[in-house]
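Please look through the sequence and the three-dimensional structure shown here, and then read the short report that follows.

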Amino acid sequence: MTTQVLDSGDRTGLSARLAALARLVQIGAARTGPDGFSEDLLTAAREALTRAGQRLMLSSRHTVVSLAGGTGSGKSSLFNQLAGADFSTVGVTRPVTRQAHACVWGVSGAGPLLEWLGVPRRHRYARASALGSGEQLMNGLVLLDLPDHDSVMGHATDLVGQLVGLSDLIVWVLDPQKYADAAVHRRFLVPLAGHSEVVAVVLNQADLLSAGQVEDCIHDLRRLLDSEGLGDVQILVTSAKTGAGIEELRKLLIEAVTARTAAAARIAADVDNLVARFEAYGAIEPGFRTDSLEPGGPAAMRLRTGTAAGLAADFAAAAGVFAIGDALRSARELRAMDYVGWPVSWVAERLTSPDPARKIRLGKLWDQLRGVTAGPSGAQQAAIDNALTRVADEGIPPLPPPWSRTVRAAVRSRAADIPAEIGEQIGAALPARAVVDRWWRLVGVGQGLLLGCVLVGIAWLASLIIFGVAHVGSGVPRLFSDAWLLPWAAVTGIAGLAGGWLMARLCTRAVRRAAAREAEALTEDILRRLAAVAGELVIAPAESELEELERFRTALRTAACVVLPA
Ligand SMILES: Nc1nc2c(ncn2[C@@H]2O[C@H](COP(=O)(O)OP(=O)(O)OP(=O)(O)O)[C@@H](O)[C@H]2O)c(=O)[nH]1
Ligand SMILES: [Mg+2]
């Protein structure tokens, strides 16, 4: 994979990078905590964004260059040399400069910028009217003479830190005694590692050294800067006393002013530093680099496939869905017996017991089914928790902190809603209690007719026996008294009995098959509904958190200025 890095000074690119940095902050701020995004990093990024936004809104025609360094190194002396006038007090007692001084070449439009920098009005000097031929090139320069960074006055140290942060280019003025001052290097130079374009170093008071000593100093300083990742930083040698090297320094400033990229480069350097710190939160494996991320590639984040289906099965087991199918089947079969059952046994049952066992069983089955719709509880709740733990352990791809934690939390984020939702879905899937199929009623009518047949047969038989065989009474019609009709009466009764029995057998079988199909369809319907519950209450929150990680990484790529091939 080839990557292309945009010119970091490009302003359009810079706006996109800043917008991406703002997204990183927004995403990170929602995920702080013990293994979460560092508050320090978020604060630093917010400050950088504010600073950058303000700087970009202010004059783009001006370039802010600060002269910074320890007390007595000669900042004010150099400032005066460059300004061509004794604007800033140079003194023997230390420290001398207590507040920032500014000299502006080409004043128009610099007011708000100076206001933003916080330079007091009485310390602002203008070179507008006096721009000589050579100085014309410096038009747009805002040169700041800063207080020393190591002053005993805390106020000055803060001020320097702030102004160094706001400057587009920082010129460190070092003297031969203190050029290796650990405080300067640690606090100001090391954080700019890799961004030599926004720093320059001046070794002042060269007149106090021999040529050999200057050579040694520069050699030493170069080695030090190399070790700090600032190998490309320009080192100039000056003497504010004799004026040596001042022209080179002026040339460096002119370059910065005419390129007009220092402001953007400075912001880009800040963004680079912050992105490097944010990268730790987007890493998949050690040695991760933002530019190794492919959009939608192996790094694309999803829960493992099959997680939703497995979860639905776990929910079904927790809620006892398979028992529900069985119960529904039994209930349907029992209910159908009232219609399609053999009337003889039906009648016998009603005669022998006012509260038949079948009815009680039916009632219990429906209670059981209704109980399920109240949702799983107790041991079933534990089974749901186990299922969620399994998803968290096995369904989530390996992730860096804090994402490993936040995605796990997302899996459980709606755990409390799951039991009720499972109950509701099962309730919605269950048929109403008193469903009686139309064909059962038809068969019931048939069974009634056949029962009638049996009763008619018995009555006929009785009358034939009484009037035809026992010859009780007289004048009874032949139909009820002719003994020869006995077989016909018997056949009528037996046909009714046999027909009813046969119809009951056939219909019971049909009812069983239908009930089995219904139970199967019900189980499938419930499983489908539970898969939807799993999708909505577990998978969706987890995947939305994973998508947030994707967005974080996309923002990281944009903020890092890495453009992937189309
Ligand atoms: N010999 C020599 N002396 C210098 C040079 N630059 C400055 N000085 C002297 O060093 C002393 C301090 O100079 P300043 O310009 O006030 O130093 P500064 O860095 O502004 O000091 P603070 O304002 O206290 O931070 C003064 O006495 C200067 O005359 C130089 O290049 N050579
Ligand atoms: Mg000074």
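## A loop residue with positive phi

Gln205 counts as buried, because 22 C-beta neighbours lie inside 10 Å of it; a residue is called buried if 20 or more other C-beta atoms lie within 10 Å of its own, exposed if 12 or fewer, and partly exposed in between, with the C-beta atoms placed from the backbone. Gln205 sits in the loop between strand 7 and helix 7, where helices (H or I, at least four residues) and strands (E, at least two) are DSSP runs numbered from the N terminus. Its phi is near 60°, a positive value in a residue other than glycine.

Arg260 also has a positive phi, of about 55°, although it is not a glycine. Arg260 belongs to the loop between helix 8 (246-259) and helix 9 (262-278), and it counts as partly exposed, with 16 C-beta neighbours inside 10 Å.

## The model as a whole

This is a predicted model, in which local features need pLDDT of at least 70 and side-chain atom pairs count only at pLDDT 80 or more, while totals for chains, interfaces and linings use all residues. Residues are numbered from 1 along each chain as its sequence is written, and chains are lettered from A and ligands numbered from 1 in the order in which they are written.

The protein has 19 helices and nine strands, and buried residues make up 37% of its 566 residues. Two residues are in contact if their C-beta atoms, placed from the backbone, lie within 7 Å; among contacts between residues at least 6 apart in sequence, 80% join residues at least 24 apart.

Strands pair if DSSP finds at least two bridges between them. Strand 6 (residues 169-174) pairs with strand 7 in the parallel sense over five bridges, and Trp172 stands opposite Val201 in strand 7. The chain crosses from strand 6 through helix 6 (residues 182-189) to strand 7 in a right-handed β-α-β crossover, a term which means that, with the strands pointing away from the viewer, the path from the first strand over the helix to the second runs clockwise.

On the way onward, strand 7 and strand 8 run parallel and are joined by four bridges, and Leu203 stands opposite Val237 in strand 8. The chain passes from strand 7 through helix 7 to strand 8, and this β-α-β crossover is right-handed.

## Leu230, in a loop

Leu230 lies in the loop between helix 7 (211-227) and strand 8 (234-237), and it is buried, with 20 other C-beta atoms within 10 Å. Leaving aside its neighbours within four places in sequence, Leu230 is in contact with Leu189, Leu192, Ala193, Ser196, Val199 and Leu225.

A cis peptide bond, with omega about 0°, joins Pro401 and Pro402, and Pro402 lies in the loop between helix 14 (379-395) and helix 15. The buried residues of helix 15 (residues 403-412) are Trp403, Thr406, Val407, Ala410 and Val411. Seen down the helix axis, these buried residues fall within an arc of 150°, so they line one face of helix 15; the arc is that of the directions from the helix axis to the C-beta atoms.
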